[in-house]
Amino acid sequence: MRHRIAVLSSLFAASLFVTAQAQAEVQSKPIEYEDHGTHLTGYLFWDDATTGKRPGVLLIHEWWGLNDYAKERARMLAELGYVAFAADMYGDGRVTDTPDQARDWMQEVTADVDLWRERAGLGLKQLMASDLVEPGQIAAIGYCFGGGTVLQMAYGGAELKGVVSFHGSLPAAPEESKGHIAAKILVLHGNADSFVSPEVVSNFQNKLEAAEANWEMDIYGGVRHSFTSPNAGDYGIDNLRYDPQADRRSWLRMQSFFDELFVR
């Protein structure tokens, strides 16, 4: 894999964490579960310097699979004081850096919306089962394919206080979700992302309004897809480009969103 976690650590440490957070003892462990015969392995992350129960955050990976980048983001959530669970949406250890393979695996999951939501919901159950998580204080975030996944969870009525989509696909809220989307929605999107046309963005916004959802969309001018990944340019796709400013701003915006969600 070409994702270099050392690069991520050095880029984020100075701007996103205070010294105390950087010294925190983050623990992790794999958690195995199953969906209709598919073996799944997710990873739970928590800071053992924090005592008592705390809010939980489910993380859904990009279309590449549950790779080191996704796990590092989950670790970063734990450093912020949350219990994070990086869910596995593909199973059987499937991770790739080949776009065609990633597309095939993603389409296997998304072909049936109910099964798509069900698999994501199994990841949520693993997080909820942790005795470190404060009941009823759970959110979800996702990247790329994962961004679309957490939106689908919100549309399907998952037990989440809020969801955050980073450079995600933007599936429109279905008509039957009107008045039933309890989770607050934050979408962080690059205006120059050619994977998502202006028509798709407009329809997405209109359908959320029609569904009477509580939503917000921050759009970053000149920013392309995968703007949070320092290794976005490694895949040879012109539309994938890391943007340090959008990365910092979107991560900070997520934090303020969570501060509002998890008021005690």
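These legends accompany close-up views of a predicted model.

**View A. The largest pocket and its lining.**
Welcome to the largest pocket, whose volume is about 240 Å³. Its lining is made up of 17 residues, and those nearest the centre are Cys144, Ser169, Phe195, Val196 and His225. Sorted by class, the lining of this pocket holds twelve nonpolar residues, four polar ones and one charged one.

**View B. The second largest pocket.**
Here you are looking at about 160 Å³ of space. Among the residues lining this second largest pocket are Asp35, His36, Tyr90, Arg94, Glu108, Asp112, Trp116 and Arg119. Which helices each supply at least two residues of the lining? They are H4 (99-110) and H5 (113-128), and H5 gives the most, with three residues. By class, the lining of the second largest pocket counts five nonpolar, two polar and five charged residues.

**View C. The largest nonpolar core.**
This core brings together 51 residues, and Leu58, Phe145, Val163 and Ile185 touch the most other members. Helix H6 (residues 145-155) provides the largest share of the core, namely six residues. A second, separate core has 32 residues, including Ala70, Ala84, Ala86 and Phe262.

**View D. The surroundings of Phe145.**
Let's zoom in on Phe145, one of the core residues that touch the most other members. Which residues does phenylalanine 145 contact, leaving aside its neighbours within four places in sequence? They are Ile60, His61, Glu62, Trp63, Met89, Tyr90, Met106, Val109, Thr110 and Trp116.

Technical notes:
Residues are numbered from 1 along each chain as its sequence is written. This is a predicted model: local features need pLDDT of at least 70, side-chain atom pairs count only at pLDDT 80 or more; totals for chains, interfaces and linings use all residues. Side-chain values use heavy atoms; hydrogens and water are left out. On a 1 Å grid over the protein atoms alone, a cavity is a set of points where a 1.4 Å probe fits but cannot get out, and a pocket is an open set with protein on both sides within 12 Å along at least five of seven lines; lining residues have an atom within 4 Å of a point. Grid points are joined across faces, edges and corners, and a volume is the space filled by probe spheres set on the points. Ala, Val, Leu, Ile, Met, Phe, Trp, Tyr, Cys and Pro count as nonpolar, Asp, Glu, Lys and Arg as charged, and the others, Gly among them, as polar. Helices (H or I, at least four residues) and strands (E, at least two) are DSSP runs, numbered from the N terminus. A nonpolar core is a set of buried Ala, Val, Leu, Ile, Met, Phe, Trp, Tyr and Cys residues joined through side-chain atoms within 4.5 Å. Buried means under 20% relative accessible area, exposed over 50%, partly exposed in between (1.4 Å probe, protein chains only). Contact means heavy atoms within 4.5 Å.
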